[in-house]
Amino acid sequence: MGVELCPRMRGGGGLCTRLVNSWSKMEIGLNDAVSKSFIGKYFKLEARKSCFTRELRAGTATFLTMAYIITVNATILSDSGGTCTIADCTAPLNQTASPDCMFKPNSGYDNCVSKIKGDLIVATILSAMIGSIAMGILANLPLALAPAMGPNAYLAYNIVGFHGSGSISYRTALAVVLIEGCAFFALSALGLRSKLAKLIPRSVRFACAAGIGLFIAFVGLQVHQGLGLVGPDPSTLVTLTGCASTNPETGECIEGKLGSPKLWIGLVGFLITSYGLMKDVKGSMIYGILFVTLVSWFRGTSVTAFPNTLVGDTNYKYFKKIVDFRMIKSTAGALSFSKFNRSQVWVALVTLFYVDVLATTGTMHTMAEIGGFTNEQGGFEGEYLAYLVDAGSTIIGSTLGVSPTATYVESSAGMREGGRTGLTAVVIGLYFFISLFFIPLFSSVPPWAIGPSLVLVGVMMMKVVKDINWADMKEAIPAFLTILLMPLTYSIANGIVAGIGLHIALSLYDYIVGSIRWLMKMKMRVVKEQNQVSVVDSTVEII
């Protein structure tokens, strides 16, 4: 009945036709009014052949495709334990907490990490909101910014370590991010950013993206951070798990391999997201997370995110608020410069700086090319200010408590919807602002809902391997080693250092041969000049 109703009305000029025509006139009138207003002129809507409603759709599309970062980034960074320490552990009566309380189930420490995750959700939203709005207003480009995937994993698992097991504290790590952001800002202000990126071997640049993708996917497969499909094994180091029961301290399987209900509901979410990506459905990353999360919010099930424990009861009580504006209590301004005499700090600084130069600069140029903003020289309108906003967002993010901020490739989703101006980025920033009032919901997303999205982020980052010249061993060997070592050594820095170092070592042969040839050529030239001088002297003597 409903399907037949509109065709009949269209044929007779009925209600459906009048509604469509009325909406079209309203849309045209709204677009004309905005285009002629100060906002339209500032964002150059007519000059870039766009309109308000198109920019609105573009901003909506981009936000839907990248909103997953709100919970994913907070989940990854909270795995480091944030500012939580042994002092937050609940100790037995008349006893002090042991150092391993941070790695075992402990209500005090787990409650602290839960609060840290809430703070990090707010910090992620704020950094994305500020960065995106600044990009729109200052650079007038439809590019969205948020804490980057890759640097967040490096900070959480390599620099700080799981629950603070690394050699650098979270406070010191944030100070490293701040200094790196300042250096990045200075580099951008001097116009040296793109030039420095070009100094890195091309194959290693592509390999870094692929290696980081594998690293992120590996994190998404583990029990503490994601699906729980893989876990530790004393014989083979890593093995298939997904167990119904695991050792809470080591993560090793006790019984019921592949019997975890949380694994299987997570895999359903993985399939939902995969099908959406196959069909190019906007917001596909969100739909898989949303399905698994909604199922996990029911209490009394085997996949609940709120078990009948002290921490589970506390989290459920906060979740029921639904709407709540949360202030950042633990991570904002949590900077410490007291441990900068350690070599690990400077390795972390150089690595983050290197990844930022490569990833963010390359992503921004790629997005500019997709949007058709580039000129014959390879630059694009607003490039200088875009670089400054990108670097400045990292500085702001570090003071809020998150890892480096970068331009997101999901910006291309908005461009496909017709986004051509900074108004798209402003719309994205406003969506992030609205998200600030739903922190109880975002902080209750379980790891097995996040894991599938991490794996699929790794899939999307792997596509750059096609640009590596695998036929040239000088390019292929460093690239392969870079990709291989990042997940296998659980260190992004190790892969980068190995790739660049091996490329330099393999290039030494060419440099040495070239130098020898140059020396021989210079020697022959000197001998030739000496012979000419001897001939001249002999002629003078004869005269």
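How far apart should the ends of α8 be at 1.5 Å a residue, and what do its end C-alpha atoms show?

**Entry 1: helix α8**

I began with α8, whose 20 residues should span 28 Å at 1.5 Å a residue, and the end C-alpha atoms agree, being 28 Å apart. The expected span is 1.5 Å times one less than the number of residues in the helix. I took helices as DSSP runs of H or I with at least four residues and strands as runs of E with at least two, numbered from the N terminus. After α8 comes Gly-191, and I noted its positive phi, near 75 degrees.

**Entry 2: ground rules**

I am working on a predicted model, where local features need pLDDT of at least 70 and side-chain atom pairs count only at pLDDT 80 or more, while totals for chains, interfaces and linings use all residues. Residues are numbered from 1 along each chain as its sequence is written, and side-chain values use heavy atoms, with hydrogens and water left out.

Next I looked up two backbone angles. His-163 is not a glycine, yet its phi is positive, near 55 degrees. I found His-163 in the loop between α7 (151–160) and α8 (170–189). His-163 counts as buried because its relative accessibility is 11%; buried means under 20% relative accessible area, exposed means over 50%, and partly exposed lies in between (1.4 Å probe, protein chains only).

Ile-322 is my second case: its phi is positive, about 60 degrees, although Ile-322 is not a glycine. This residue sits in the loop between α13 (310–319) and α14 (343–371). Its relative accessible area is 41%, so Ile-322 is partly exposed.

**Entry 3: a nonpolar patch**

Ile-322 turned up again in a nonpolar surface patch of about 730 Å², together with Val-323, Phe-325, Met-327, Phe-433, Ile-434, Phe-437 and Phe-438. Patches take residues with over 30% relative accessible area and no salt bridge; like charges are joined within 9 Å, and nonpolar side chains (Val, Leu, Ile, Met, Phe, Trp, Tyr) within 5 Å. The accessible areas come from the Shrake-Rupley method with a 1.4 Å probe, and for residues only the protein chains shown count as cover. I checked one member: Phe-437 lies in the loop between α17 (422–435) and α18 (439–442). With a relative accessible area of 31%, Phe-437 is partly exposed.

**Entry 4: salt bridges**

How many salt bridges does the rule give? The count comes to eight, where a salt bridge is a side-chain nitrogen of Lys or Arg within 4 Å of a carboxyl oxygen of Asp or Glu. Side chains of opposite charge can pair when their charged atoms come close.

I looked at Glu-27 and Arg-57, whose closest N and O atoms are 3.7 Å apart in their salt bridge. The pair links distant parts of the chain, with Glu-27 in helix α2 (residues 15–36) and Arg-57 in helix α4 (residues 52–66), 30 residues apart. Arg-57 counts as partly exposed because its relative accessibility is 41%.

Then I followed the salt bridge of Asp-313 with Arg-299, at 2.7 Å from N to O. Asp-313 is in helix α13 and Arg-299 in the loop between α12 (284–296) and α13, 14 residues apart. Asp-313 is partly exposed at 38%, and Arg-299 is partly exposed at 29%.

My last pair was Asp-510 and Lys-474, which form a salt bridge at 3.0 Å, N to O. Here helix α21 (residues 492–542) holds Asp-510 and helix α20 (residues 473–488) holds Lys-474, 36 residues apart. I also noted that salt bridges with shared partners join Lys-44, Arg-48 and Glu-381 into one network.
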